[in-house]
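User: Please take a close look at the sheet in this model, and at the side-chain pairs and surface features that go with it.

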Amino acid sequence: MSNERDATAFTPILRDVVERTPGVRAAVFAAGDGEEVEHYGELADNDVRVIAAHYGILLDGTRAALTRVGAGPPATLVFAHDRFAVVIRPVGEGYYLLLVAESGLVARAARAVEAAAEALRVEMG
């Protein structure tokens, strides 16, 4: 789990989405450049940072492509893999929330990311 000693105002929101959503193993709040702001969950710190950075690049590329064709920015992206899934939702301008979930519970994670993203948005002011 995230180190409580280094807790920020965002930690309770991330803890809540991980502990209350079945199948969610980690939550990462990150800046648009992929730099972690805060994370919480059972994955190793370095693994979480690598996942957040690489999927942040995918979010940026998807946002650019969708905007270029007139679809507007993505609301939520879901990447399903054999062993886990990643759900990403932009939060305000220049930030995003990423959840790592068990593959079979992606729908729950996709629903949970919306409420958590809104709570982060409110906390950001």
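Analyst: What follows describes the sheet strand by strand, then the salt bridges and the surface.

This is a predicted model, in which local features need pLDDT of at least 70 and side-chain atom pairs count only at pLDDT 80 or more, while totals for chains, interfaces and linings use all residues. Residues are numbered from 1 along each chain as its sequence is written, and side-chain values use heavy atoms, with hydrogens and water left out.

The sheet is open and consists of 5 strands in the order S2-S1-S5-S4-S3, with antiparallel pairing. Strands here are DSSP runs of E with at least two residues, helices are runs of H or I with at least four, and both are numbered from the N terminus; two strands pair if DSSP finds at least two bridges between them. Strand S2 (36-41) and strand S3 (77-80) are the edge strands, each pairing on one side only. From one strand to the next, the twist averages 15°. Helix H3 (residues 106-124) packs on this sheet and touches S1, S3, strand S4 (85-91) and S5, where contact means heavy atoms within 4.5 Å. The direction of H3 makes about 30° with that of S4; the axes are lines fitted to C-alpha atoms, for helices over the stretch in contact, and angles run from 0 to 180 degrees between N-to-C directions.

Strand S1 (residues 24-31) is joined to S2 by 5 bridges, the two running antiparallel, and S1 pairs with S5 in the antiparallel sense over 7 bridges. Alanine 30 has glutamate 36 as its bridge partner in S2. S1 and S2 form a hairpin with 4 residues between them, and glycine 34 in the turn has a positive phi of about 90°. Because 7 of its 8 residues are buried, S1 is largely enclosed by the rest of the structure; buried means under 20% relative accessible area, exposed over 50%, and partly exposed in between, with a 1.4 Å probe and protein chains only.

The structure holds 5 salt bridges, each defined as a side-chain nitrogen of Lys or Arg within 4 Å of a carboxyl oxygen of Asp or Glu. One of them joins the side chains of glutamate 36 and arginine 49 at 3.3 Å, N to O. This pair links distant parts of the chain, with glutamate 36 in strand S2 and arginine 49 in helix H2 (residues 45-68), 13 residues apart. Arginine 49 is partly exposed, at 39% relative accessibility. In helix H3, arginine 121 and glutamate 118 also meet in a salt bridge, at 3.0 Å from N to O; being 3 residues apart, they are separated by about one helical turn. Arginine 121 is partly exposed at 30%, as is glutamate 118 at 41%.

On the surface, Val37, Tyr95 and Met124 form a nonpolar patch with about 210 Å² of accessible area together. Patches are made of residues with over 30% relative accessible area and no salt bridge, like charges being joined within 9 Å and nonpolar side chains (Val, Leu, Ile, Met, Phe, Trp, Tyr) within 5 Å; accessible areas come from the Shrake-Rupley method with a 1.4 Å probe, and for residues only the protein chains shown count as cover. Tyrosine 95 belongs to strand S5 (residues 95-101).
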